[in-house]
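Notebook open, model on screen. I'm jotting down what I look up as I go, starting with one side-chain contact.

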Amino acid sequence: MPTTSTRPTEGTDADVPILAGAVSGFIAAGLALGVAELLAGFTTSVPPIIESVGDYVIENGWQTLDNWSRETFGSGQKRALVTGITVASLVIGAITGVLSRSRPIVGPVVFTLFAVVGGLAATQDELANATGGWIVSIVAGLAGMGALALMLRSARHITPTSDSTSRLSTFVSERRRFLTTSVAAGFTGLFSAMVGNSLRQQRNIEADRAELATQLASTDAASPATALAPSGSLDDVPGISSLVTSNDDFYRIDTAISPPLLDPDTWTLSIDGMVDDPYELSFSDLLDMDVVEAPVTLSCVSNEIGGNLVGNAIWRGVPLIDVLERAGVHDDATQIVGRSADGWTAGFPTAAASDGRTALVAFAMNGEPLPLSHGFPARLVVAGLYGYVSATKWLTEIELTTWDDFDGFWIPRGWAKEGPIKTQSRIDVPRRGDRITPGPTAIAGVAWAPTRSVGKVEVRIDEGSWIEASLSDELSDESWRQWFHEWDATPGDHVIQVRSTDGEGETQTAELADPRPDGATGWHTVAVRVED
Ligand SMILES: Nc1nc2c(c(=O)[nH]1)N[C@H]1C(S)=C(S)[C@@H](COP(=O)(O)O)O[C@H]1N2
Ligand SMILES: [Mo]
């Protein structure tokens, strides 16, 4: 750095202005807490230091404070205590920073104490792993100590000692240095705390999910669909998509950077807009309603021909119509809008809730509580509509409005307002580039036309005549079907194509269309080479 030459002779921490000292200590303490939170976020056995300290305060004798705070803060007691301890730590940090200017030993002493208090608190916490607690506390204490030393050092020259221009420029660059160091340390602390916190919250929600899973398993609401799934499938064909897509394999599409973390105990769903009696449902209210289960194929409008943004799951939930009827929907309400905890929206015609198709406020997928990434604790599933107009995940509000009064998230972004799923078929095997030897070869895949059912799937080789493929059982007219054709492969280059015809006799069009604005069309085509 060229500024070295203009930097004044080494100062000491005693030259640090009092405010800069306080800021340094404040940020260093924040960084220590943030690091502790981050490290605790990565393990199940180490709660964040502050919580251990809080638990210690609550449990061990500090009865006066405990009783006082219990009365003052009620059930928010622990949160208030955690906030209090955080604020106290930051204030102690600031004082430490100020004192460190004249007595350099204060910083190390205070941060060592910080580590000791954290470690001891973890030792007292029956749920915590003591060794882990000590390691986290010590690392956090060291981080705070180091950050304080660094920031004080960077603040040594921020007071101009003479008014010469070189002094002034030094002053400016030194101030910048202090600023940069503080901001960097501050953000590291904040970011660590946020990441740690969200990791922990995610674990809490996963714990809620696990609890719900046992509950679902025991209530075992009539689940004929689950029992139906494996029989009559073509799951044995190597490489074919399974008749029911597992939760892990189910495609995920959303605008969320990370899934909203919703606690089912506090989650509510409000039904409002053009209704007689707007109301709110809690999660347990929802579970108490009449529950149904149905296999429904969901597809993303962005799915390319042959793409894998489509899946078939068995959804369990409460019929949307039941949820709506309790509110009394106005006759002139023509659109149902689902709103997600993260603000995302999708809207579809009110008729879809009552025309006989499956339309659910769903809370389980293939017998499990919805995975976080698929909308836990509840989402909409409407058969026959692309996800972008219907399948709101992390559902928190259902609003009744008119068709013209509201556009869902993707509509102003160039996608069609109506989103019926188009009839499609896909070749799963063979894949482009697969090594194929002459002789009997499985050509297989899936076809879907939800709500219209799949009537027929045909395959052709090298633009020959169409051959009807054999089909798996039909789980429902809203579910995809697997198809299979045994091909006697001959050496050379070949082109395989598939098309399906829905239950109403309509064959999918060959005409190629892009996904935008209302879904891709065309026949999936795979080129293969057969060689000895
Ligand atoms: N909250 C929310 N819900 C959403 C979306 C979203 O971005 N946010 N995307 C939708 C789209 S475009 C699709 S295709 C489906 C996908 O559902 P999945 O991720 O469970 O497969 O969710 C829909 N629900
Ligand atoms: Mo989508």
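This is a predicted model: local features need pLDDT of at least 70, side-chain atom pairs count only at pLDDT 80 or more; totals for chains, interfaces and linings use all residues.

Entry 1: I began with the side chains of Gln508 and Ser425, which are joined by a polar contact of 2.7 Å. By polar contact I mean a pair of N or O atoms within 3.5 Å; within protein, one must be able to donate a hydrogen and the other to accept it, and residues adjacent in sequence count only if both atoms are side-chain atoms.

Residues are numbered from 1 along each chain as its sequence is written, chains are lettered from A and ligands numbered from 1 in the order in which they are written, and side-chain values use heavy atoms, with hydrogens and water left out.

I placed Gln508 in the loop between β18 (492-502) and β19 (525-530). Strands here are DSSP runs (E, at least two residues), numbered from the N terminus. Is Gln508 buried or exposed? It is buried, with a relative accessible area of 5%; the cut-offs are under 20% for buried, over 50% for exposed and partly exposed in between (1.4 Å probe, protein chains only). Not counting residues up to four places away in sequence, Gln508 touches Thr423, Gln424, Ser425, Arg499, Ser500, Gly522 and Trp523, where contact means heavy atoms within 4.5 Å.

**Entry 2: the open sheet.** I traced 4 strands in the order β11-β13-β17-β16, with antiparallel pairing; strands pair if DSSP finds at least two bridges between them. β11 (424-429) and β16 (470-471) are the edges, each pairing on one side only. Between β13 (439-448) and β17 (481-489) I found 9 bridges, with Gly439 opposite Ala489.

**Entry 3: strand β4.** I checked β4 (310-319) next: 10 of its 10 residues are buried, so the rest of the structure largely encloses it. Antiparallel β3 (292-299) pairs with β4 over 8 bridges, and Val296 has Ala313 as its bridge partner. β4 also pairs with β7, antiparallel, over 5 bridges; there Gly317 faces Ala362.
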